[in-house]
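Morning, everyone. I'll take a few minutes on one model. Please look at the screen.

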Amino acid sequence: MNWDCEQIEERLSDYLDGALPPKEAAGYKAHADGCARCTQLVASVRGLVGALRAMEPVAPPLRLVPTILDKTIGPRTEPFGWRAWFGWTRILWQPRFAFGALTILITGAVLSQALGIEWRTPTVADLNPVHIYRAADQGIHRIYARGAKFFGDLRVVYEIESRLNPAPDQEPDQQKPAPAPPSGPGRTEGPTSGPNNLNRAETSTKYVTRFACIVLTAPGRRMP
Amino acid sequence: MEANTAAGHEADDQLEPEAQLVEQCLRGNGAAWEELVRLHTRRIFNLCYRFTSHRQEAEDLSQEVFLRVYRTLGSYRSTYGAFGTWVTSVTRNLLIDHYRRTRRDRLTDSMEDVMAKVEDKESSTRRPDHSAAVAELGGHLQKALAKLSPDLREAVILRDLEGLDYNEIQRVLEVPEGTVKSRINRGRIELARILDQMGVRPN
């Protein structure tokens, strides 16, 4: 059989798929190799088929299967895919959990500050129970000392103020104010010293003055 | 495309278990249906994507295919052939309907550009070891496919991308074997010419 260019084109796929009988294939090849146009055609179609078959399948969108199932058998209760792994995190989006988490954070911050843990430069020593105990002990003493100091200051202010504005129904010689107690931890329990009858004639103005004195003096006397 | 090529040859082996799944579906077994959907979604989506060159259209069409398959599952008989071939046939009919429906408002050029970008992006992200040239070739091939007439396009896709044999294609397209062969041959030659005009030479 003598092949012409038209026949070469018509039987090209048969030739490439190996569907031609050997005898015909030999004749086909003889023509294809000898004709520049056909050589080019066979080469380009062979390259094309190879490229088509090497094409990677495209990944369908992840939502496709769930959507199809939803539209056919209806929405399913059982989670699948990434929802199965991360579905539980949905409960964390409730406001109460967010509020709870915030509270825990704040508590943690306050506690860590009280325990002397420096978060900016954390060290292993911070987690040492001895260190935590010391820091806590120190913190408690400091708070106690501040309270004691504040109370002591309060008394000093009382005394000064009562001397400056003595009660009208009292004799000046009857006033025997106790000396200002030395401030410091453990020295302020009980109303052992100081007059206990100074506040009989207090007016609202005095209360205001007193409060202002306390507020003004207290911050300046903080413990180091 | 090894998986697709293998799919054609293993059609006979798969016939039995898939026919059983269909039976279970018809008895109301949701898990069997889910299994069938998972088995065929990727292939059907690819078929739609290669034909339409458009991801969103391919997604919508894939959903439509499975909706129709679900509704007409009772009409499938294993004597017809593999379940996969039947689904392919449903897909092909929907693709042709879609093609006719959208023929007027199709803007081929803009569609191709979008598609080529998607194709390039996908190929390069999926196979980082693959050279950019291969990803580019994939984009060119898809562009060329979009320029092919739908008759030739579907024949080439079914043969060279889906790896179906002539018998299966004949069953899907419902045309004589001679027509199938002729369309595949013409489709390949036409595609090679389009690529040549684009200055692309796959070797």
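Start with helix 5 of chain B, residues 83-102. That helix has 20 residues. From first C-alpha to last, helix 5 of chain B reaches 28 Å, close to the 28 Å expected at 1.5 Å a residue. Its buried residues begin with a run: B:Phe83, B:Gly84, B:Thr85, B:Trp86, B:Val87 and B:Thr88 are among them. B:Thr91, B:Arg92 and B:Leu95 are buried as well.

One caution before going on. This is a predicted model.

Chain A has 9 helices and 0 strands. Read along the sequence, its pattern is α-α-α-α-α-α-α-α-α. Chain B comes to 10 helices, again with 0 strands. For chain B, buried residues make up 42% of 203.

Contact range next. Take contacts with a separation of 6 or more. In chain A, residues 24 or more positions apart account for 59% of them. In chain B, the figure for residues 24 or more positions apart is 68%.

On to where the chains meet. 28 residues of chain A are in contact with 38 residues of chain B. Which helices of chain A supply at least two residues each to that side? Helix 1 (5-10), helix 2 (12-16), helix 4 (36-53) and helix 5 (64-72) do. Helix 4 of chain A gives the largest share, 9 residues. By class, the side of chain A that touches chain B has 17 nonpolar, 6 polar and 5 charged residues.

Let's stay with helix 5 of chain A. Its buried residues are A:Leu64, A:Val65, A:Ile68 and A:Leu69. An α-helix has 3.6 residues a turn, so residues three or four places apart point the same way. And what do the buried residues of helix 5 of chain A pack against? Helix 3 and helix 4 (55-71) of chain B. Just after helix 5 of chain A comes A:Gly74, with a positive phi of about 90 degrees.

Next, the core. The largest nonpolar core has 61 residues. Within that core, A:Leu48 and B:Cys48 touch the most other members. The largest share of the core, 9 residues, comes from helix 3 (residues 30-52) of chain B. Look at A:Leu48 in detail. Leaving out residues up to four places away in sequence, A:Leu48 touches B:Arg188, B:Leu191, B:Ala192, B:Leu195 and B:Pro202.

Last stop, B:Glu35. B:Glu35 is found in helix 3 of chain B. Is B:Glu35 buried, exposed or partly exposed? The count is 16 other C-beta atoms within 10 Å. Buried needs 20 or more, and exposed needs 12 or fewer. So B:Glu35 is partly exposed. One distance to check on your own screens: B:Glu35 and B:Val22 are 10.0 Å apart in space, C-alpha to C-alpha. In sequence, B:Glu35 and B:Val22 are 13 residues apart.

That's my tour. Over to you.

Note on methods
Residues numbered from 1 in each chain as written. Chains lettered and ligands numbered in written order. Predicted model: local features only at pLDDT ≥ 70, side-chain atom pairs only at ≥ 80, totals over all residues. Core = buried A, V, L, I, M, F, W, Y, C linked by C-beta atoms within 7 Å. Helix = DSSP H or I, 4+ residues; strand = E, 2+ residues; numbered from the N terminus. Contact = placed C-beta atoms within 7 Å. Nonpolar A, V, L, I, M, F, W, Y, C, P; charged D, E, K, R; others polar. Expected span 1.5 Å × (residues − 1).
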